[in-house]
Amino acid sequence: MVRSIKYAVSMVFLMSIIFCSDKKEPGPLVGTTAKFWSLKTLDGTFEKLNKYSAPLGQKLRGGDERKVIVMSFFASWCQPCIKEIGELHKLKEEYADKPVQFFLINLTEFFRHRQSDQKKYSEAPDAREFLRKKGLTDITVLQDPTGRTARAYGVSDVLPRLFVIDKYKTVQMDETGLCSSCLVDDLTPMIEELIQE
């Protein structure tokens with residue numbers, strides 16, 4: 001009995017070490033040039049990456065100030081996504097007067113219309129109404145109904161997927177399933193540093 005308890009405690013300890021060591025490695029896109037995207041908002045206007053971020057020496061297209069971009073791929077059926085969005089709203093309020101742009105990239109319709117559709121996807125609520133009911137409406141939502149942008153960023157069924165892109169179009173963070181309660185503490189130092197660049 002005592003031996004099995006010691007074994008179980010040892011396994012839990014070992015698994016936590018393995019999990020923590022995995023989280024320290026940067027995501028696959030960190031350090032790469034962010035892929036261009038042009039996506040429609042819920043209101044029907046378009047937002048483009050190069051309005052906010054461009055390589056050093058290149059001008060922005062239609063924007064007046066370089067900004068750090070924080071973008072999260074989400075779907076309304078994804079509970080961890082909603083927790084992450086709640087934390088991103090706190091950050092957006094904190095950086096309201098700073099050169100930081102927040103986006104939520106909606107994949108709800110993409111998952112709803114895939115051939116390998118499952119019940120949770122087909123019955124997922126409309127993202128606009130879902131976010132409105134949760135009181136999470138102050139971050140711009142971009143529609144990716146074909147999943148084209150998601151594929152360009154290597155986003156699969158594992159959501160949420162969070163990216164931070166600096167003012168010069170370089171991916172600085174690529175995280176899947178970041179601890180939502182740690183998100184503000186993890187992102188704040190990075191955003192502060194990137195704002196100063």
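**Helix H7 and its packing**

Author: The buried residues of helix H7 pack against strands S3, S4, S6 and S7 (171-176), and against helix H2 (79-94). Contact here means heavy atoms within 4.5 Å. This is a predicted model, so local features need pLDDT of at least 70 and side-chain atom pairs count only at pLDDT 80 or more, while totals for chains, interfaces and linings use all residues. Residues are numbered from 1 along each chain as its sequence is written, and side-chain values use heavy atoms, with hydrogens and water left out.

Reader: What makes a stretch a helix or a strand, and how many of each does the chain have?

Author: Both are DSSP runs, numbered from the N terminus: helices are H or I with at least four residues, strands are E with at least two. The chain has 7 helices and 7 strands. From the N terminus on, their order is α-β-β-β-α-β-α-α-α-β-α-β-β-α.

Reader: How do you know that the span of H7 agrees with its residue count?

Author: The expected span is 1.5 Å times one less than the number of residues. H7 covers residues 183-196, which is 14 residues, so it should span 20 Å. Its end C-alpha atoms are 20 Å apart, and the two values agree.

Reader: Which residues of H7 are buried?

Author: They are Leu183, Val184, Leu187, Thr188, Ile191, Leu194 and Ile195. Buried means under 20% relative accessible area, exposed means over 50%, and partly exposed lies in between (1.4 Å probe, protein chains only).

Reader: What share of the chain is buried?

Author: Buried residues make up 43% of its 197 residues. Take contacts between residues at least 6 apart in sequence: 70% of them join residues at least 24 apart.

**Aromatic pairs**

Reader: How many aromatic pairs are there, and what makes a pair?

Author: A search of the whole structure finds 9. Rings of Phe, Tyr and Trp (its six-membered ring) pair if their centres lie within 6.5 Å; planes under 30 degrees apart are stacked, over 60 edge-to-face, and the rest tilted. One of the pairs is Tyr52 with Phe103, at 5.6 Å centre to centre and 65° between the planes, hence edge-to-face. Tyr52 sits in the loop between strand S2 (46-48) and strand S3 (68-74), Phe103 in strand S4, 51 residues apart.

Reader: Why do Tyr52 and Phe103 count as buried?

Author: Tyr52 has 6% relative accessibility, so it counts as buried. Phe103 has 1%, so it counts as buried too.

Reader: What makes Phe73 and Phe163 edge-to-face?

Author: Their ring centres are 5.8 Å apart and their planes meet at 80°, so the edge-to-face label holds. Phe73 lies in S3 and Phe163 in strand S6 (residues 161-165), so the pair ties together parts 90 residues apart in sequence. Phe73 is buried, at 0% relative accessible area. Phe163 is buried, at 0%.

Reader: Which residues do ring pairs link into a cluster?

Author: Trp77, Phe110, Phe111 and Tyr121.

**Strand pairing**

Reader: How do you know that S5 pairs with S1 and with S4?

Author: Two strands pair if DSSP finds at least two bridges between them. S1 (residues 38-41) and S5 (residues 140-143) have 2 bridges, in the antiparallel sense. S4 (residues 100-106) and S5 have 4, in the parallel sense. Thr41 has Leu142 of S5 as its bridge partner, and Leu104 has Val141 of S5.

**Disulfides**

Reader: What makes Cys78 and Cys81 a disulfide?

Author: A disulfide is a pair of cysteine sulfur atoms within 2.5 Å. The sulfur atoms of Cys78 and Cys81 are 2.3 Å apart. Those of Cys179 and Cys182 are 2.4 Å apart, another disulfide.

Reader: Why are both called right-handed?

Author: The S-S torsion of Cys78 and Cys81 is about 85°, so that disulfide is right-handed. For Cys179 and Cys182 the torsion is about 65°, so that one is right-handed as well.

Reader: Are these cysteines buried or partly exposed?

Author: Cys78, at 3% relative accessibility, counts as buried, and so does Cys81 at 0%. Cys179, at 34%, counts as partly exposed. Cys182, at 27%, counts as partly exposed.
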